Amino acid sequence: MKMDVNTAFFIDLFFHQVGLWWVVIPSIFLGLIVGAIPGFSAANTIIVLLPFTFLMNVEVGLVFMIALYCASRLGAGIPAILVNIPGTAGAAATPLDGYPMAKQGLGQRALSISFVSSIIGGLLTTAIALVTMPWLARVGFYMHSVEMVVVMLFGISLIASVAAKDTIKGLIAGFFGLMIGSIGADHVYATPRGTMGFLELYDGVPLIPALVGLFAISEAFMVIETGSFMAKDRVQTVQNANWSETIKGVRITLSRWWHVTWTSLIGLVIGVIPGAGAAIASFVAYQQSRTFSKTPEAYGTGHVEGLIAPEAANNGVTAGTLIPLMVLGIPGGATAAIMMVVMQYQGVPTGPRLFMERPDLGYGVFMAMFVTYLLMALTILPMSRYMSRVTLVSTTYMSPIIIAFTLVGSFVPREYLFDMYLAFGFGIIGYIARKTGYHVAAILIGVILGPLLEQYMLRALKMSDGDPLVLFSSPLGNTLWLVLILTLALPAFLKKHRQKAGSRS
Amino acid sequence: MTEIGIKRRSFLKTGAAAAGGLMLGGGLSSPAFAAYPDRNIDVIIPTAEGGGADRLFRAFSSIWKNYMNTNFEPGFFPGASGRVGYEVYMGKYEPDAYSLIFGNMGPEVLNWAVQKPTFNINDYLYFGRVDTDPGVVFVGAESKFQSIDDIIAEGKRRKLNVGTSRLAHPASIGILALGEHTGAQFNLVPLSGGKKTVAGAVTLEMDFCVLTSGSVIAAGDACRTLLVFNDENAAGDKLNNAPTMNQYFGTKLPPMFSARAFGIHKAAVDNHPDRFELLQKTFKQTFSDPGYKDAFLKTKGFWPYSNYGGVEECESFKSAMLELGERYRPFLAGK
């Protein structure tokens with residue numbers, strides 16, 4: 001199929017994708033549900049529905065998967081904000097500021113902020129991807145193991161930020177998380193470490209049980225004690241909330257358009273790197289957002305920008321992760337890998353040949369993503385008012401529901417009973433950490449990013465025959481090291497600067 | 001009275017017949033005398049649902065069930081390079097021929113050579129090989145290496161970084177053997193999975209990579225194959241008509257396959273030879289059923305890789321892998 005790729009082509013493609021609303025809208029709702037339930041994800045839902053996808057026309061099948069994927073990414077933020085349960089690892093940074101907002105009775109506003117930043121982040125990065133795909137795909141050619149070690153350190157340095165209020169406890173929690181993250185077979189010789197004889201831990205500590213245990217189950221234990229998600233005066237705020245809260249959330253987010261823009265771009269660039277994902281992007285975006293903020297001390301207490309950053313970033317990843325698949329023929333993540341299977345099944349090539357033979361499909365995938373985000377603005381935003389009412393449900397009912405849902409969610413990805421026990425164990429660890437003033441987020445950052453850091457570090461060392469200087473061997477890597485040092489030093493510098501300015505005035 | 005007597009006699013006869021029938025019937029329904037199989041057969045798959053093994057299993061069992069008159073019920077136990085599935089199969093399932101394992105004889109058996117499992121590896125045997133997918137040497141489309149000669153020449157000048165899905169993999173053994181034969185120096189770097197290995201080649205992080213050919217074919221134009229670890233290149237132009245190692249270098253390396261096969265407890269074979277015989281017989285019948293080719297092609301499998309093997313072929317391959325694993329053990333285990 002020979003086509004001219006010009007403005008008319010893109011306009012035609014846009015309206016063609018809008019015409020597929022009958023696939024997009026049901027997929028959005030399905031995606032929201034599977035994204036919001038911990039343990040379920042776009043990838044495992046698409047696997048379950050794979051036989052149906054094979055029966056569909058290839059274009060319809062791809063649109064279905066794209067809409068499901070985008071909506072699940074957005075949906076994962078809903079329980080993260082309302083009840084402190086991140087649906088996926090990509091939403092793990094969302095509750096850091098989203099949940100405190102919900103506890104202040106601002107759940108509806110928080111959802112609105114989350115939705116708008118996700119949608120704008122998704123629209124913006126998809127539009128950029130459509131135009132700059134061939135160049136963006138080159139990122140993977142420069143971001144190798146050495147560079148990724150530094151990117152991981154950006155995320156892990158967040159432990160220090162989280163630990164700012166109580167350095168010793170924060171660092172202990174972070175190192176504890178890193179230790180848990182090192183459980184499992186090593187990345188080179190596959191020698192099991194710290195598995196305590198459990199085969200289920202050979203591949204490392206599974207993320208979902210750790211995630212839901214540390215955040216959700218421990219929170220459920222806490223609210224059983226306190227009897228409510230929020231103070232009584234805040235309950236009144238939620239009850240009195242009307243549409244204006246949603247509109248306020250939209251306004252707040254739009255007024256921070258630049259923040260949404262650059263944090264979503266972090267997501268796009270990290271998403272393009274094969275194997276990197278939304279969890280890395282959201283933590284790095286959060287860390288960068290905090291570093292350049294004028295009010296870093298407000299992060300973790302319900303700060304708007306602390307919610308915008310991870311949500312814009314993890315939706316920026318969605319477009320990025322498809323670029324290596326479409327342009328190079330290598331899937332950037334689990335969902336992209338399944339899309340590749342479907343495309344192969346239908347005889348559609350991936351990589352450069354796709355854009356030569358089927359540009360309507362190559363560009364169409366990104367246009368479908370664009371249309372999905374547009375339609376999500378119309379369908380999801382109005383729901384924030386009703387969703388936020390979840391926080392009014394009595395903890396007598398909510399706590400057991402949360403525990404039951406999260407335990408089932410822990411079981412789903414691998415279908416091991418062991419994972420349910422593990423989630424419960426993490427719940428107890430999280431509960432003890434909260435009661436004794438250790439930050440569960442610091443533990444989780446270690447659990448999520450620690451294994452990735454180790455993997456890239458060991459790979460770089462293996463390639464250099466164990467020479468540690470390899471970590472400083474690439475110009476791009478060295479630039480990233482410099483930026484890392486600067487961003488770590490910047491908060492202290494800014495603090496000093498502000499103190500000086502304050503004392504002068 | 002006569003009438004009653006006749007009745008009594010006929011009653012006794014009928015009663016005896018009924019009792020006999022009941023005993024026989026009861027006996028037939030007891031597990032010891034039941035016709036095999038009288039229930040579903042569990043199949044443990046040591047990889048994740050939705051992957052290549054899952055699709056191949058479903059294609060094969062969709063026909064095999066007709067010959068066995070029962071369904072095959074898959075259970076997925078991914079993790080630790082297949083180790084979890086095998087440990088579950090050997091540790092938790094009765095050796096009664098009502099459970100099988102569907103594994104990959106290449107990497108999974110090599111794994112045993114590197115790290116011993118908790119069970120005796122002779123306590124199970126493979127009896128039905130479904131496919132063979134050879135390992136290949138490949139580069140990214142933008143690589144400067146155009147042929148295997150380029151790689152060997154460069155490998156004699158400096159140590160080349162070679163991406164592999166994991167160290168204990170037939171393709172890793174293949175490249176080590178090539179290095180030994182040619183004097184080229186290779187540094188194997190495990191990239192944890194096929195997708196990442198393809199990415200390692202395409203993004204040029206690695207000088208080149210080794211992997212089973214199915215994943216390389218799937219990557220299309222993004223990769224270029226330079227050598228095949230088999231006696232023939234059955235995929236032809238799908239693998240860029242790359243030469244085979246034995247043909248090009250005159251070596252005698254056994255084929256470095258990823259080979260998926262059904263396995264069974266050795267105790268089940270010993271205790272229920274009739275059941276094992278039925279499994280073997282119907283497995284072979286399935287292979288020659290035209291319906292199987294259709295089912296296989298529907299999975300977008302590459303038909304020339306569909307390759308029947310019985311106990312003999314499987315056991316000889318298993319032994320070859322164990323032998324090679326033992327030979328390269330210090331390298332694969334880092335000891």
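Q: Is A:Val205 buried or exposed?
A: In this predicted model, local features need pLDDT of at least 70, side-chain atom pairs count only at pLDDT 80 or more, and totals for chains, interfaces and linings use all residues. Residues are numbered from 1 along each chain as its sequence is written, while chains are lettered from A and ligands numbered from 1 in the order in which they are written. A residue counts as buried if 20 or more other C-beta atoms, placed from the backbone, lie within 10 Å of its own, as exposed if 12 or fewer do, and as partly exposed in between. Because A:Val205 has 23 other C-beta atoms within 10 Å, A:Val205 is buried.

Q: Which residues does A:Val205 touch, not counting those up to four places away in sequence?
A: A:Val205 is found in the loop between strand E2 (192-193) and helix H13 (207-226) of chain A; helices (H or I, at least four residues) and strands (E, at least two) are DSSP runs, numbered from the N terminus. Contact requires C-beta atoms, placed from the backbone, within 7 Å. With residues up to four places away left out, those touched are A:Ile180, A:Gly181, A:Ile183, A:Gly184, A:Ala210 and A:Val447.

Q: Which element gives the most to the side of chain B that touches chain A?
A: In the contact between the chains, 33 residues of chain B meet 36 residues of chain A. Helix H3 (83-92), strand E6 (186-190) and helix H7 (194-202) of chain B are the elements that give two or more residues to this side of chain B. The most, five residues, comes from H7(B).

Q: Why is strand E8 (residues 223-228) of chain B described as largely enclosed, and which residue stands opposite B:Val228?
A: Six of the six residues of E8(B) are buried, so the strand is largely enclosed by the rest of the structure. Strand E4 (residues 124-140) of chain B runs antiparallel to E8(B) and is joined to it by five bridges, where pairing requires at least two bridges found by DSSP. Opposite B:Val228 in E8(B) stands B:Val136.

Q: How far apart are the end C-alpha atoms of helix H6 (residues 170-182) of chain B?
A: The expected span of a helix is 1.5 Å times one less than its number of residues. H6(B) has 13 residues and should therefore span 18 Å, which agrees with its end C-alpha atoms being apart by 18 Å.

Q: Which residue just after H6(B) takes a positive phi?
A: The buried residues of H6(B) include B:Pro170, B:Ile173 and B:Leu178. Just after this helix, a positive phi of about 85 degrees is taken by B:Gly183.

Methods. Contact = placed C-beta atoms within 7 Å.
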